[in-house]
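Please walk me through this structure in plain paragraphs.

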Amino acid sequence: MLGDTVTVYSTGMRPYRGQRDRGLRAVRSLWEGFVLPYARFTLPAVDKAIAAFGPDVVAVDQHALAGAVAAHRHGVRWASLAPQSMELTRPFRSLPKVEGWIERGIANAGLSIADGADPRFSPHLVLAFTTPALTGRHDFPAHYALVGPALGTRTTAPDFPWDALDGPRRVVLVTMGTLAEDVARDFYPRVTGALRALAGRVRAVVAAPPGAVPDPPPGTLVLPEVPVLRLMPRLSAVVCHAGLNTVCEALAHGVPLVVAPIKHDQPVTAAQVVAAGAGVRVRFGRSGAGELAAALTAVLDEPGYAAAAGRVRDSFAAAGGAPAAASHLEQLAARS
Amino acid sequence: MDILGELAGLLRDVTGEDERWAAAVTPESRLEDDLRLESVEVAALGEALRERYGVDLPAHLAALDLDELVDLTVGDLARLVTA
């Protein structure tokens with residue numbers, strides 16, 4: 001990208017090569033190939049930033065461990081942010097040696113915190129952008145605040161042919177996430193088959209690069225970028241990879257889901273969607289057009305899915321979102 | 001029927017794959033990398049193994065470390081159900 005005349009000096013951070021991994025191999029490569037080296041690599045810079053800026057509170061993504069370690073070093077209170085589902089409900093509870101492997105990895109990378117706190121879980125405040133209506137019932141400690149998604153407003157939205165949505169057909173968004181383009185290549189033909197079977201009653205908007213979706217049924221909009229939040233009020237269902245952002249954007253609008261999780265926390269989120277009654281889970285690698293069409297028909301036709309999505313929407317609205325998260329951080333800063 | 005054939009049949013049931021796919025299953029086939037089992041399919045396989053052999057797959061998996069889980073093969077399952 002930079003051209004031949006440019007000298008590139010290594011940062012010491014190897015590029016993450018695990019993008020195609022799934023299942024537990026993806027868990028292993030995420031920690032070995034990204035979370036731990038990224039924490040080691042960013043620690044000196046985060047350390048310097050805290051020293052220079054003198055914050056009252058440091059807000060730390062659960063997978064950006066350097067912030068927790070540096071904040072503790074400087075005696076600054078820190079809050080954990082849980083922007084995904086992996087580190088909140090202990091999904092590896094049934095695989096204790098996997099949990100132990102992650103804990104040992106953190107310790108061996110020199111990222112333990114002196115008072116014994118796990119750098120993924122602040123002892124002061126854990127902010128999670130979900131609610132128990134989605135996570136299910138867990139005994140969250142008192143310093144956990146589940147504030148629902150922090151959707152905010154997008155200042156810029158890509159152009160969209162809104163008139164194309166007019167008419168009696170129900171509108172369905174298909175979006176498999178920006179990181180999944182490569183691995184979703186064999187998913188799109190199956191989902192296209194499902195859309196073709198439902199073409200008389202469903203109009204699909206597919207967020208995908210041009211050419212990725214072969215031969216979509218007439219009227220399907222295939223666009224590389226879609227104004228997802230503005231589109232939500234028009235949608236009857238969303239088909240996605242169960243990334244927490246997309247799932248929460250849909251549920252915040254009471255839109256039921258067909259979820260085809262690929263990896264990382266997506267199977268966890270997909271299971272939560274199913275348990276909440278707000279969608280149907282399909283298999284990303286194997287569900288054929290018939291299975292996908294049946295799943296989509298179910299969430300469109302059986303009112304229980306939309307009703308459950310509506311209950312999650314109400315819980316999100318009551319939880320307060322970004323302003324609630326900000327108040328929690330302010331209260332933490334003010335604590336003496 | 002031999003254990004490998006039985007397990008390949010159960011795997012075929014939980015995945016919805018065809019006979020050709022099941023015929024290509026060997027003791028060395030890894031559940032994750034080769035057979036591409038997803039977590040819902042592993043859960044369904046656990047149910048099938050419990051019904052057929054009275055084996056507790058989740059308890060067996062709970063005793064394995066991460067590398068062993070990633071590398072789990074059909075041969076490992078065969079040893080589990082014949083133990």
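Gly288(A) counts as partly exposed because 14 C-beta neighbours lie inside 10 Å, and a residue needs 20 or more to be called buried. The model is a predicted one. Gly288(A) is found in the loop that runs between β10 (279-281) and α9 (289-301) of chain A. Computed along the sequence it is 113 residues from Thr175(A), and the two C-alpha atoms are 17 Å apart in space.

Two packed helices are described by the angle between their axes and the distance between the axes. For α5 (residues 188-197) of chain A and α9(A), the angle is about 55° and the axes are 8 Å apart. That angle makes α5(A) oblique to α9(A), and the crossing is right-handed. On the α5(A) side the contact is made by Arg190(A), Val191(A), Gly193(A), Ala194(A) and Ala197(A), and on the α9(A) side by Ala289(A), Leu292(A), Ala293(A) and Leu296(A). By class, these residues divide into seven nonpolar, one polar and one charged.

Another helix of chain A, α7 (residues 244-252), is mostly covered, with eight of its nine residues buried. The buried residues are Leu244(A), Thr246(A), Val247(A), Cys248(A), Glu249(A), Ala250(A), Leu251(A) and Ala252(A). After α7(A) comes Gly254(A), which has a positive phi, near 70°.

Ala242(A) lies in the loop between β8 (237-240) and α7 of chain A. It counts as buried because it has 29 C-beta neighbours inside 10 Å.

His264(A) is likewise not a glycine, and its phi is positive, about 55°. Its place is the loop between β9 (257-259) and α8 (266-276) of chain A. With 23 other C-beta atoms within 10 Å, His264(A) is buried.

The next point is how chain A divides. Its domain assignment gives domain 1 (23-148 + 320-334) and domain 2 (162-318). The centres of the two domains of chain A, taken over C-alpha atoms, are separated by 30 Å. Their contact takes 16 residues from domain 1 and 15 residues from domain 2. On the domain 1 side, α1 (23-53) and α4 (132-135) of chain A each supply at least two residues. The residues on that side comprise eight nonpolar, eight polar and no charged.

Val147(A) sits in the loop between β4 (144-146) and β5 (170-175) of chain A. Is Val147(A) buried or exposed? It is buried, because 21 other C-beta atoms lie within 10 Å. Leaving aside neighbours within four places in sequence, Val147(A) is in contact with Leu127(A), Phe129(A), Ala319(A), Gly320(A), Gly321(A), Ala324(A) and Ala325(A). By contrast, 19 Å separate the C-alpha atoms of Val147(A) and Ala278(A), which are 131 residues apart along the chain.

Chain B remains. How many residues of chain B are in contact with chain A? There are 17 of them, and they meet 16 residues of chain A. The elements of chain B that give two or more residues to this side are α3 (39-53), α4 (57-62) and α5 (66-70). By class, the side of chain B that touches chain A has eight nonpolar, three polar and six charged residues.

Within chain B, α3(B) also packs against helix α1 (residues 3-15). The axes of α1(B) and α3(B) come within 9 Å and cross at roughly 135°. At that angle α1(B) is oblique to α3(B), and the crossing is right-handed. From α1(B), the residues that make the contact are Leu10(B), Leu11(B), Asp13(B), Val14(B) and Thr15(B); from α3(B), they are Glu41(B), Ala44(B), Leu45(B), Ala48(B) and Arg52(B). This contact of α1(B) with α3(B) has six nonpolar, one polar and three charged residues.

Note on methods: Residues are numbered from 1 along each chain as its sequence is written. Chains are lettered from A and ligands numbered from 1 in the order in which they are written. This is a predicted model: local features need pLDDT of at least 70, side-chain atom pairs count only at pLDDT 80 or more; totals for chains, interfaces and linings use all residues. Two residues are in contact if their C-beta atoms, placed from the backbone, lie within 7 Å. Helices (H or I, at least four residues) and strands (E, at least two) are DSSP runs, numbered from the N terminus. Ala, Val, Leu, Ile, Met, Phe, Trp, Tyr, Cys and Pro count as nonpolar, Asp, Glu, Lys and Arg as charged, and the others, Gly among them, as polar. Axes are lines fitted to C-alpha atoms, for helices over the stretch in contact, and angles run from 0 to 180 degrees between N-to-C directions. Angles under 35 degrees count as roughly parallel, over 145 as roughly antiparallel, 65 to 115 as roughly perpendicular and the rest as oblique. A crossing is left-handed if the near helix is turned anticlockwise from the far one by less than a right angle, and right-handed if clockwise. Domain bounds come from an automatic or database domain assignment. A residue is buried if 20 or more other C-beta atoms lie within 10 Å of its own, exposed if 12 or fewer, and partly exposed in between; C-beta atoms are placed from the backbone.
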